[in-house]
Amino acid sequence: QPTSETASDLLLALHNCDSSYDYRSIAEALASFAEKLPDLADELLGILKGPAEPVLMGAALHAFATGCSKHPALSSLLQAASEVPVKELRHVAILARFNQGERSDEIRDALVDCCREGEKLWPWDKDIVMALAIGWPHNPRLMEGALERIRGIGYPESWALEPAIEYLLR
């Protein structure tokens, strides 16, 4: 049973976290409380509006998008976060939009951009590749880009090796 004390402890843990995977786990725990603790949405929005580390903001956005899916500010917040240069926030926003049912070229291209060489995917790597595989299975353009990388052809903006393999195997 979620209590405000437990939520407060989780928020404190979120602020003191030092691992991307832990940020995600804590965010998902907070999201599971959000429906029963309406003040939690304001706490998460406070993190997103204030100065914070990118991974903390990404975790807060993940918790908000997952736990407060009917909040009136969510759609505009996800749209704005999809366009920021901060990868940790952008990846979460794009995945959340995909999970809400968006299948536009913009979302597809943004997900592919997350798979480019040099992008830091984790802890979202499996989700990003899975979204591409579910939303655009056997897409010739995506398969061609992934296969080029597998064949050792590396252009600027090429897929990273691991997501290319994962996409082709799904």
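1. How many Å apart are the mean positions of the positive and negative charges of the protein? They are 6 Å apart, for 16 positive and 26 negative charges. Lys and Arg count as positive, Asp and Glu as negative, with His and the chain ends not counted; each charge is placed at NZ of Lys, CZ of Arg, CG of Asp or CD of Glu.

2. This is a predicted model, in which local features need pLDDT of at least 70 and side-chain atom pairs count only at pLDDT 80 or more, while totals for chains, interfaces and linings use all residues. Residues are numbered from 1 along each chain as its sequence is written, and side-chain values use heavy atoms, leaving out hydrogens and water.

3. The protein has 10 helices and 0 strands (DSSP runs: H or I of at least four residues for helices, E of at least two for strands).

4. For 170 residues, a compact globule would have a radius of gyration near 15 Å, and the 17 Å of the protein agrees (taken over C-alpha atoms; the rule is 2.2 Å times the number of residues to the power 0.38). The C-alpha atoms fill a box of roughly 55 × 30 × 30 Å along the principal axes.

5. Of the 170 residues, 45% count as buried (under 20% relative accessible area, with a 1.4 Å probe and protein chains only).

6. The structure holds 0 disulfides (pairs of cysteine sulfur atoms within 2.5 Å). Cys 68 is in none, and the nearest cysteine sulfur, that of Cys 17, is 19 Å away. Cys 68 is buried because its relative accessibility is 9%. The sulfur of Cys 114 lies 6.6 Å from that of Cys 115, the closest cysteine sulfur, which is too far for a bond; Cys 114 is buried at 1% relative accessible area.

Notes. Buried means under 20% relative accessible area, exposed over 50%, partly exposed in between (1.4 Å probe, protein chains only).
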